[in-house]
Amino acid sequence: MAFQINNISKTETSKAKPAFDTSFLQKEINLFSTSFSNKAKEDVFTELSVLLKAGIQLKDALELVKDSLKKKQHQDTMTSLSEAIIQGQSLSEAINAQEAFSTYDYYSLKIGEETGTLAQVTEQLGSFYARKNEQRRELINALTYPMIILTTAVLVVVFMLQFVVPMFQDIFKQQNIELPAITKAIVSASDFMKSYGFILLVILILPFLAKSFFNKKVWYKRFKGHLILKIPYLGRFVKTVYLSQFTQAVTLLTASKVPVVHSIQLVKDMIDFYPLQEALKQIEQSLLKGYSLSESIGKHALFDKKMVALVKVAEETNKNEFIFQRLNNQYNTEVQQRSKLLSAALEPFIIMLVGLLVGVILVAMYLPMFRLSSVLG
């Protein structure tokens with residue numbers, strides 16, 4: 001019997017925390033540390049599942065999980081959960097009161113409690129966050145070395161424009177040399193760097209400082225999401241990551257016998273990637289009008305033909321969980337392959353870019369010197 005989310009009281013629903021800002025760099029891939037990170041959630045849900053399957057009472061299981069955690073913040077959170085259980089609350093209600101957990105965690109645990117499959121749901125949540133952490137590591141591995149090279153390149157270019165070029169510029173003024181066009185361009189860039197370097201630095205840092213403010217704006221989410229998708233290769237990589245997150249979430253909810261419309265609603269609230277949210281909102285409306293899931297997702301370019309075809313097979317064979325699990329495995333494999341290829345492609349490109357920039361600056365500086373030596377000779 002399918003569990004109906006509508007059976008959850010309005011009071012409980014209204015208390016549910018809004019979905020966290022799961023932007024690409026912070027939550028879906030989780031490059032930055034948080035108070036209760038996805039790695040901590042993976043450990044908590046995985047250990048909790050093992051203990052519940054072993055027949056240990058929920059309160060005792062939470063105490064054992066708390067003892068295994070190292071950070072005091074995490075231990076305090078588990079203590080709060082244990083106290084809430086003692087006071088008679090369910091695990092989902094206790095989770096709902098903690099800002100560290102999302103609406104997705106709340107509804108998943110609520111489903112597990114209502115269907116008597118809490119141990120299985122916690123295991124699936126552990127696997128869900130384990131996969132997210134794996135994708136995070138893959139992205140970090142793919143971008144770390146290229147970012148180090150790119151940062152070094154920027155620092156080298158800034159150093160040359162700030163200190164090296166002015167040294168040559170003084171020589172050129174003393175000798176009254178007619179400068180080639182490329183040298184004039186580099187000298188102008190150096191003058192601009194000396195005059196407006198600090199302002200340029202502020203302009204570059206300002207978007208990062210204002211990110212938390214703009215992330216709440218719908219227009220910014222729309223602009224950022226569609227811009228990312230248009231970037232060659234990287235856009236496809238990001239889309240694959242989110243499709244992997246989407247199929248894994250649907251797999252978990254389908255395994256818990258959640259109706260497809262409610263699954264779409266939950267995933268829409270969980271993933272804060274505007275193009276996917278926009279598509280899921282339209283899919284939800286299409287499902288309510290009587291269209292099948294395959295017909296609904298087939299209307300959006302965000303979902304590829306492979307997914308549409310397999311979802312249609314799932315509807316015909318009633319194998320939704322199996323098909324979405326298979327799709328999730330395929331997208332995870334594609335994420336791994338693309339992350340490796342991204343790293344392999346970025347490294348030589350950035351090295352070539354560094355060589356080109358440094359080479360142009362050196363040629364621009366030495367070209368007048370060669371002309372001067374030929375005249376004197």
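**Reading helix packing and burial in a predicted model**

Me: How many residues does the chain have, and what share of them is buried?

Reply: Buried means under 20% relative accessible area, exposed over 50%, and partly exposed in between (1.4 Å probe, protein chains only). Of the 377 residues in the chain, 45% are buried. This is a predicted model, in which local features need pLDDT of at least 70 and side-chain atom pairs count only at pLDDT 80 or more, while totals for chains, interfaces and linings use all residues. Residues are numbered from 1 along each chain as its sequence is written, and side-chain values use heavy atoms, with hydrogens and water left out.

Me: Which secondary structure does the chain have?

Reply: Helices (H or I, at least four residues) and strands (E, at least two) are DSSP runs, numbered from the N terminus. The chain has 17 helices and 0 strands.

Me: Is Thr122 buried or exposed, and what does Thr122 touch?

Reply: Thr122 sits in helix H8 (residues 118-175) and counts as buried because its relative accessibility is 0%. Contact means heavy atoms within 4.5 Å. Leaving aside residues up to four places away in sequence, Thr122 touches Phe45, Thr46, Leu48, Ser49, Leu52 and Leu109. Met147 also lies in helix H8, but Met147 is partly exposed, at 46% relative accessible area.

Me: At what angle do H13 and H14 cross?

Reply: Axes are lines fitted to C-alpha atoms, for helices over the stretch in contact, and angles run from 0 to 180 degrees between N-to-C directions. Angles under 35 degrees count as roughly parallel, over 145 as roughly antiparallel, 65 to 115 as roughly perpendicular and the rest as oblique. The axes of H13 (residues 260-270) and H14 (residues 274-288) come within 9 Å and cross at roughly 160°, so the two helices are roughly antiparallel.

Me: Which residues of H13 and H14 meet?

Reply: From H13, Val260, Val261, Ile264, Gln265, Val267 and Lys268 meet Gln277, Leu280, Lys281, Glu284, Leu287 and Leu288 of H14. Ala, Val, Leu, Ile, Met, Phe, Trp, Tyr, Cys and Pro count as nonpolar, Asp, Glu, Lys and Arg as charged, and the others, Gly among them, as polar. The contact of H13 with H14 has 7 nonpolar, 2 polar and 3 charged residues.

Me: How does H12 pack on H13?

Reply: H12 (residues 234-255) and H13 pack at about 135°, with axes 10 Å apart, which makes H12 oblique to H13. Phe246, Ala249, Val250 and Leu253 of H12 contact Ser263, Ile264, Leu266, Val267 and Met270 of H13. These residues divide into 8 nonpolar, 1 polar and no charged.
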